[in-house]
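Okay, thanks everyone, let's get going.

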Amino acid sequence: MTATNPLLDFTDLPRFDLIQPEHVKPAITQLLADGRALVDRLTADSTPATWADFAGALSAGLEGFGRAWGVVGHLHSVNDVPAWREAYNEMLPEVSRFYTELGQNLKLFDKYRALKQSPEYATLSAERKKIVDNEIRDFRLGGAELPEDQKPRFQAIMEELSQLSAKFSENILDATNAFAEIVTDEALLAGLPDYARDAAREAAEKAGVDGWKFTLHAPSYGPLMQYADNRELRARMYRAYATRAAEIDNGYSKPEWDNGPIMKRLLELKAEDAAMLGFNNFAEVSLYTKMADTPAQVLDFLRDMAKKAKPFAEKDIAELKAFAKDELGLTDFQPWDAAYASEKLMQARYAFSEQEVKQYFTEPKVIAGLFQVIESLFTVKVKEDSAPVWHEDVRFYRIETPAGELVGQFYMDLYARETKRGGAWMDEARSRKRAAGGIQKPIAYLNCNFARPVGGKPATFTHDEVITLFHETGHGLHHLLARGEELGVSGIHGVEWDAVELPSQFMENYCWEWDVLQGMTAHVDSGEPLPRALYDKMLAAKNFQSGMMTVRQLEFSIFDMRLHYEFDPKGEKTVIDLLDEVRREVAVLIPPEWHRFPNSFSHIFGGGYAAGYYSYKWAEVLSADCYAAFEEAGDPFDPVVGRRFLEEILSRGGERPALENFKAFRGREPSPDALLRHSGMIAA
């Protein structure tokens, strides 16, 4: 099978038309064997510790394995059917074991150290030097310096961590998919916009039931919580959502989906990992490769932001509760009233609703507008392209220079499906590098979970969803507009995690520019662009409840940092106890005691954000400050500033520290002033 295995075809694009779950085991098994043979050959005494013979050869030799496993991981995320889940999970321990072996291989470590100490190191390019330095640093984190008798335990920890993380995400997806609220009395749907009713009706028809089917997936859950007049319906949905993958009997969840024990075990393993490596806690391990220096420094930053934001948040919640009581008759305000009352307050205060705005953001215009922004900012062309895809909804595009030279390509998978994990994310299919035949061009995946088109009309997006699309595209551009020629620091590789959100959050600013919105809106029925009067209301409402939203992000960030810095998973205090403490410090909207937010906090338990969730807030400081350079120039598309942003930040990848990139662009250290101003928390 391996001779014709499409997972082993690296000639160009992934063969999504041919790849099947049964290809995974033979392909990955072969690539692991090839990888181990390569490592044996390159660590032999006869192999010189030079870039060409050793470091470059290792990077090139393992690239195919990374690409193949990346495709498997991608398909597990976007097509999580039983066969793909099984194929992924069967090989996950083997892949984890291989990476742990690499990280602990003292011969590899010695070769990198020999290269660093050789006369050749001084002659290497900045990119190659950075790769060598990063590798030496990562060997320490991979347990290479551990005594031989401790290495098997460390390896077992790494394998168990990767399995538990995957299981954490799967439990959320299974719990999300298990719940459905079937409404047969149309009176219960009062307040819901037509698009939400139509989607629920279609979902019910697809499920073979009468009425309207609502689920815990964002395109179904969000509009119901925001618009449904029926309070009991909102309360039922809220409770189902808040107790996903928890120990609480909510009538639909299963005990085996409870993420509580998984969280505890993950925290125990991370603490053991940190202790073995000589760190005081896992937060120190996490920060070792980030811009921030210490957990205390991060907590100081977050608490300082909280001090500035909390008075605004307290004002927001007081206004919301007063409005809910006086105008909506909600004397005992509850968290399941928050989105609903907020929407009504926004309509009352600014005389518009998100639903009204949504009708103008039709998919074809939004995509065209997004591409126009990319083309204007970075002097490139975005064109439709063709490639094998994993689902009929997926589209494929290419980015070219004005002269027609290919820069990179990307897939766009916009709609929610039951087999696709929630949220929005960018991932890479291939990275840019210099190869024997010239430059290998990068390829990215852009994934969202928006509602698909219904009733023969184009899909429409909320303004928040448009912002999400721009955000993920920012990550994509960081990957695609790279100028690097070495895999280890090309695109998002080697970029500190707390700087990786800078390009994504930077792109969000363009969703508020009048010139941009004029060109990317067309009413779903009339085709008219967004009226200026409605835009002015949106702008006036831009910082509506920004205090509340800021403290919510800070709550998650402080909880994450404290959890990995000072929490003892074997102690008496529970994860929920810690979260309650954090909420008392920063939150203004306290959920019920049965709320199990941590059980679905996949960023830190199922993704790469453990002791790193603060990165979103820190990167907001950086991105707002970068956008301020365009504001100071008086033009969001200023060509000189745009070129400098591309050259000093976007295209640099991980070649030099992110703080140096920022200072090269701004000419100074970052300042939070622009973020506070953009959020309406200090005067312009």
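Before I point at anything: I say a charge sits over a ring if NZ of Lys or CZ of Arg is within 6 Å of the ring centre and within 35 degrees of the ring normal. And keep in mind that this is a predicted model.

With that in hand, look at Arg-201, which lies over the face of Trp-212, 4.4 Å from the ring centre. Arg-532 does likewise with Trp-514, here at 4.9 Å from the ring centre.

On to rings with rings. How many aromatic pairs does a search of the whole structure find? It comes back with 47. Take Phe-371 and Tyr-397: the ring centres are 4.9 Å apart and the planes sit at 70°, so we call that pair edge-to-face. Phe-371 is in helix α16 and Tyr-397 is in strand β4, so the pair ties together parts 26 residues apart in sequence. Phe-371 is buried at 9% relative accessibility, and Tyr-397 is buried as well, at 4%. There's also an aromatic cluster, with Trp-497, Phe-556, Phe-559, Phe-597, Phe-601, Tyr-609, Tyr-613 and Tyr-616 in it.

Next, cysteines. The disulfide count for the model is 0.

Val-357 lies in helix α15, residues 354-358, and is buried, with a relative accessible area of 2%. Skipping neighbours within four places in sequence, Val-357 is in contact with Phe-352, His-463, Leu-534 and Met-538.

Then there's Asp-337, in the loop between α13 and α14. Buried or exposed? Asp-337 is buried, at 0% relative accessible area. Again leaving out residues up to four places away in sequence, Asp-337 touches Arg-231, Arg-234, Leu-330, Asp-332 and Ser-342.

That's my tour, thanks.

Terms used:
Residues numbered from 1 in each chain as written. Predicted model: local features only at pLDDT ≥ 70, side-chain atom pairs only at ≥ 80, totals over all residues. Heavy atoms only, no water. Helix = DSSP H or I, 4+ residues; strand = E, 2+ residues; numbered from the N terminus. Buried < 20%, exposed > 50% of the residue type's maximum accessible area, 1.4 Å probe, protein only. Contact = heavy atoms within 4.5 Å. Disulfide = S-S within 2.5 Å. Phe/Tyr/Trp six-rings, centres within 6.5 Å; stacked < 30°, edge-to-face > 60°.
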